[in-house]
Amino acid sequence: MTIAGTDLSVSQLCYGTNMLGTAVDQDRANAILDTFVQHGGNFVDSARMYGDWVPGPAGASERAIGAWLRTRSREGIVVATKGAAMDMRAGDWRNRVTPADIEKDLGESLEHLGIKTIDLYWLHADNPEAPVEPLIDALLQHQAAGRIRYFGASNWSADRIRAANAYAASIGKQGFVAAQPFWGLALPDKAGADAQGYQLHYEGNYETLHAEGLPIIPYAGQSGGYFTKLDQGGEDALGDQLKARYANPGNARRLAAVQALAKAKGVSINEIVLAYLVNQPNQTIPIIGASRPEQIEESVKAVDVKLTAAELAQLRGEG
């Protein structure tokens with residue numbers, strides 16, 4: 001598929017690489033990425049800060065992608081990464097959504113990845129107090145210089161995205177081409193999720209913007225394996241963080257719907273969870289996680305699972 005409003009031709013799933021270079025070493029990273037490509041995947045997502053929570057060279061995830069790219073042709077591979085979040089390595093916890101910090105992070109991402117142009121560059125966070133105009137101007141300058149092809153907003157509110165895109169349109173330019181919010185089938189507990197940095201869940205925030213045509217490329221698309229773990233081992237299979245993040249009574253109804261549809265269609269819980277996003281009426285490209293090649297092989301099956309509007313409603317616990 002092509003991301004609406006761009007010429008970026010991407011797979012229906014995007015592979016999120018936050019564990020590469022740290023929990024997943026280079027050999028296993030290469031195997032996972034190769035498996036993703038072998039199964040039709042071509043869209044990878046990273047961030048300047050991924051991996052900075054452990055000792056070692058900064059930007060471990062981006063460096064792992066760059067090392068993998070050096071083993072093959074980049075042709076057809078769509079690389080996305082994010083910048084302007086906190087600088088964990090430097091202990092810089094201020095809000096870094098500024099033109100200067102964007103320039104710094106972008107330059108480092110290009111170096112880590114070993115490429116000259118990033119296909120889709122996300123602002124990893126927002127500063128709601130900052131005017132949108134200087135931020136969009138900065139991104140447009142990097143675009144004009146050939147450092148990025150398109151840009152998007154991760155963890156920005158719908159209203160801020162609208163304001164930024166209205167400004168871009170007012171000067172005859174394209175603004176954010178997509179949003180990357182927190183979204184999976186599992187309903188979050190707001191307090192528990194917020195405490196872990198999972199904010200601005202799709203439901204109740206982005207539906208109108210999505211319906212207006214902005215593509216959504218959500219993170220946490222598998223809800224951390226929440227439904228799979230519940231199905232296999234019940235509450236005891238959930239770690240404390242996952243329990244706190246999704247402590248919502250509505251998930252019991254959603255679990256029952258997932259189990260019923262998985263049984264009826266002869267597919268896995270994970271396939272139904274991802275198919276829920278893949279089959280949305282408006283363009284949605286979920287970001288998946290995988291620490292082993294076989295997890296890629298299992299997740300890509302979701303693109304062949306077809307769900308009707310009634311089944312999507314059933315999964316939401318409606319009716």
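This is a predicted model: local features need pLDDT of at least 70, side-chain atom pairs count only at pLDDT 80 or more; totals for chains, interfaces and linings use all residues.
F176 went first: I get 4% relative accessibility, so F176 counts as buried, the cut-off being under 20%.

What does the ring of F176 pair with? I found W156: the ring centres are 5.0 Å apart and the planes sit at 70 degrees, so I logged the pair as edge-to-face. W156 is in the loop between β5 and α5, while F176 is in the loop between α5 and β6, so I am looking at a link between distant parts of the chain, 20 residues apart. W156 is buried too.

F151 also pairs with F176, again edge-to-face, at 5.7 Å centre to centre and 85 degrees between the planes. F151 belongs to strand β5, and 25 residues separate F151 from F176 in the chain. I checked the exposure of F151 and got a relative accessible area of 0%, which means buried.

Next I ran the aromatic search over the whole structure and got 13 pairs. I also noted one aromatic cluster, made of F182, Y198, Y219, Y226, F227 and Y246.

Then I went to helix α4, residues 132-144. I counted 13 residues and a reach of 18 Å from the first C-alpha to the last, close to the 18 Å expected at 1.5 Å a residue. Which residues of α4 are buried? My list is V132, L135, I136, A138, L139, L140 and H142. Background for reading that list: an α-helix has 3.6 residues a turn, so residues three or four places apart point the same way.

I looked up what the buried residues of α4 pack against and wrote down α3 (99-113), β4 (118-123), β5 (148-154) and α5 (158-170). Just after α4 I flagged G146, which takes a positive phi of about 85 degrees.

Last stop was the helix pair α10 (residues 250-265) and α11 (residues 269-278). How do their axes cross? I have them coming within 9 Å and crossing at roughly 110 degrees. That falls in the 65 to 115 range, so I put α10 down as roughly perpendicular to α11. On the α10 side, the contact is made by V258, Q259, L261, A262 and K265. On the α11 side I listed I269, I272 and V273. Sorting the residues of this contact gave me six nonpolar, one polar and one charged.

Notes. Residues are numbered from 1 along each chain as its sequence is written. Side-chain values use heavy atoms; hydrogens and water are left out. Helices (H or I, at least four residues) and strands (E, at least two) are DSSP runs, numbered from the N terminus. The expected span of a helix is 1.5 Å times one less than its number of residues. Buried means under 20% relative accessible area, exposed over 50%, partly exposed in between (1.4 Å probe, protein chains only). Contact means heavy atoms within 4.5 Å. Axes are lines fitted to C-alpha atoms, for helices over the stretch in contact, and angles run from 0 to 180 degrees between N-to-C directions. Angles under 35 degrees count as roughly parallel, over 145 as roughly antiparallel, 65 to 115 as roughly perpendicular and the rest as oblique. Ala, Val, Leu, Ile, Met, Phe, Trp, Tyr, Cys and Pro count as nonpolar, Asp, Glu, Lys and Arg as charged, and the others, Gly among them, as polar. Rings of Phe, Tyr and Trp (its six-membered ring) pair if their centres lie within 6.5 Å; planes under 30 degrees apart count as stacked, over 60 as edge-to-face and the rest as tilted.
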